[in-house]
Amino acid sequence: MAILDETAFDDGDEDYGDRDNEYDFEQGLAHGFASDDYMVKDQPTGAGDRAEGDAETQAVASTQTHADAPEDGAEDWDATAAISANGNASDPTRDDGTDGSKRKGRAKAKKQQRKNAAALKSAHKVAAPTLFTPFTLRGVTTRNRIWLPPMDTYSAFGRDGRPTQFHYQHYVSRALGGFGMVIAESTAVSPEGRISPCDVGLWEDDQIDSWRWIVEDVKKAGAVAAIQLNHAGRKASTGCFSTGHINATVPEDQGGWKTVAPSPIPYGHYDMPRELGVDEIHGIVEQFRYAAVRAVNAGFEAIEIHAAHGYLISQFLDPLSNQRSDEYGGSLENRMRFLVEISDAIRSAIPESMPLLVRISATDWAAGGWDLDQSIETAKVLKMHGVDLMDVSTGGIVAGVTIPAQANYQVPFAQEIRDKALIPTTAVGLITKAKQAARIVHKEQADAVEIGRAALRDPNWPLRAAYKLGLDKSEIPYPDQYVRGAFGTSR
Ligand SMILES: Cc1cc2nc3c(=O)[nH]c(=O)nc-3n(C[C@H](O)[C@H](O)[C@H](O)COP(=O)(O)O)c2cc1C
């Protein structure tokens with residue numbers, strides 16, 4: 001086959017990074033993002049260029065020692081074999097009574113010891129994953145470690161919480177584009193829990209079918225279909241591109257509603273929320289449980305609890321927004337109670353084989369508030385309550401803080417939580433380039449990366465990244481129909 005000049009199709013790494021200065025949330029708001037979760041001040045321009053500037057070679061080493069068993073299957077991990085090699089060995093120091101046989105016994109013992117040592121060494125030598133190494137959580141395996149994070153599209157235009165054809169196209173095209181997991185956007189567990197009137201939901205059974213066709217085709221395209229469940233609390237009832245009132249509370253006479261929170265403390269200039277009673281808190285835990293059951297019925301394969309970005313659960317976690325004096329406020333144990341109860345409720349309602357993820361803001365970037373240490377402690381507890389992975393973001397809880405956003409700025413949080421709470425994590429935030437993403441996974445700073453806005457620019461980000469990283473076409477998850485248009489081919 002004649003190959004035209006491939007560079008004609010090779011836009012260079014700028015594909016991912018030259019537009020990092022699009023990390024301009026003011027512009028985002030102008031396009032209608034409903035809240036300023038993602039508002040970043042002091043955004044340095046050219047952050048991506050710096051990331052590429054400190055480039056190391058993409059392959060750090062072919063193997064790397066890791067104290068834990070790998071999460072991605074047993075090919076490189078033969079601990080069982082090593083242990084049984086030890087356990088089955090006859091006692092090499094045993095004296096069999098004769099001098100000759102003693103010598104033979106000692107030689108045999110040494111040989112066996114050497115074999116055992118080699119087996120143990122190789123058992124602990126685990127191949128470091130690549131971006132395209134599959135990743136298993138419980139009974140679910142993603143084909144790679146490039147995931148689509150939840151991104152609210154505010155496109156349930158009927159204001160009935162039902163996803164639309166837009167959602168179908170948005171999610172299925174990214175599954176066709178090679179993402180390993182597609183996490184559907186913030187999905188409300190009750191009408192009052194919506195961030196905006198146009199948010200999707202799973203608060204009633206009638207909404208299940210509107211999700212099912214999307215989920216089916218996301219899965220057919222090879223991605224794991226996950227959904228993020230949320231209650232927006234004091235950050236509910238905000239505007240979006242189709243409702244107006246951007247970055248403000250939507251008035252009740254225009255489709256908005258009264259908001260609730262752990263304490264009557266507003267977020268920035270949003271309306272004052274009403275403090276939740278304990279019975280209401282229990283009721284919201286049940287709403288999460290039933291939304292999860294509906295998600296299972298719709299065919300989703302993983303559930304993510306939204307405990308980040310200043311929505312209701314993170315309002316409970318953060319001492320700056322939670323000033324309750326009952327069992328849901330005060331100590332860290334009390335502040336995390338709501339999240340733990342939700343995790344328990346969902347875990348008990350979904351199949352054992354189904355992964356449960358929690359998205360957390362690892363810090364609120366504010367003095368005296370929520371921080372990394374509390375996040376680590378919370379992750380340790382969640383792990384004991386059946387949570388399988390922490391999706392690590394930051395911010396969105398306290399208005400007006402300065403976030404030092406630049407390439408990889410949230411990666412160290414994912415790494416710390418992974419290393420200290422010994423739970424898998426994903427990293428997200430200004431990860432825009434293939435090599436950058438590959439390094440994060442290969443250095444085991446996180447188990448997977450999430451590509452947000454760069455995936456809004458390019459639904460085929462994973463396919464393009466695979467090509468950039470030099471994978472053979474046969475290893476790249478092109479849909480059959482698109483193979484002839486593979487990156488790097490000329491016709
Ligand atoms: C339009 C938009 C909508 C978003 N909606 C959500 C959401 O529903 N839930 C959530 O946890 N994060 C949401 N986020 C945050 C993203 O998941 C991601 O963490 C953030 O964009 C940073 O990653 P990036 O730099 O790769 O875009 C949203 C971001 C954008 C740009």
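1. Helices (H or I, at least four residues) and strands (E, at least two) are DSSP runs, numbered from the N terminus. Residues are numbered from 1 along each chain as its sequence is written. The model is predicted: local features need pLDDT of at least 70, side-chain atom pairs count only at pLDDT 80 or more, and totals for chains, interfaces and linings use all residues.

2. The ligand is surrounded by 22 residues, the closest being Pro149, Asp152, Ser186, Gly452 and Arg453; a residue counts as near if its C-beta atom, placed from the backbone, lies within 6 Å. At least two residues of this shell come from each of β6 (181-188) and α15 (453-457).

3. By type, the shell holds 11 nonpolar, 7 polar and 4 charged residues. Here Ala, Val, Leu, Ile, Met, Phe, Trp, Tyr, Cys and Pro are nonpolar, Asp, Glu, Lys and Arg charged, and the others, Gly among them, polar.

4. Strand β16 (residues 425-428) is parallel to β15 (residues 389-393), with 3 bridges between them, and Asp391 has Thr426 as its bridge partner. Strands pair if DSSP finds at least two bridges between them. β16 also pairs in the parallel sense with β17 (residues 448-450) over 3 bridges, where Val449 is the partner of Ala427.
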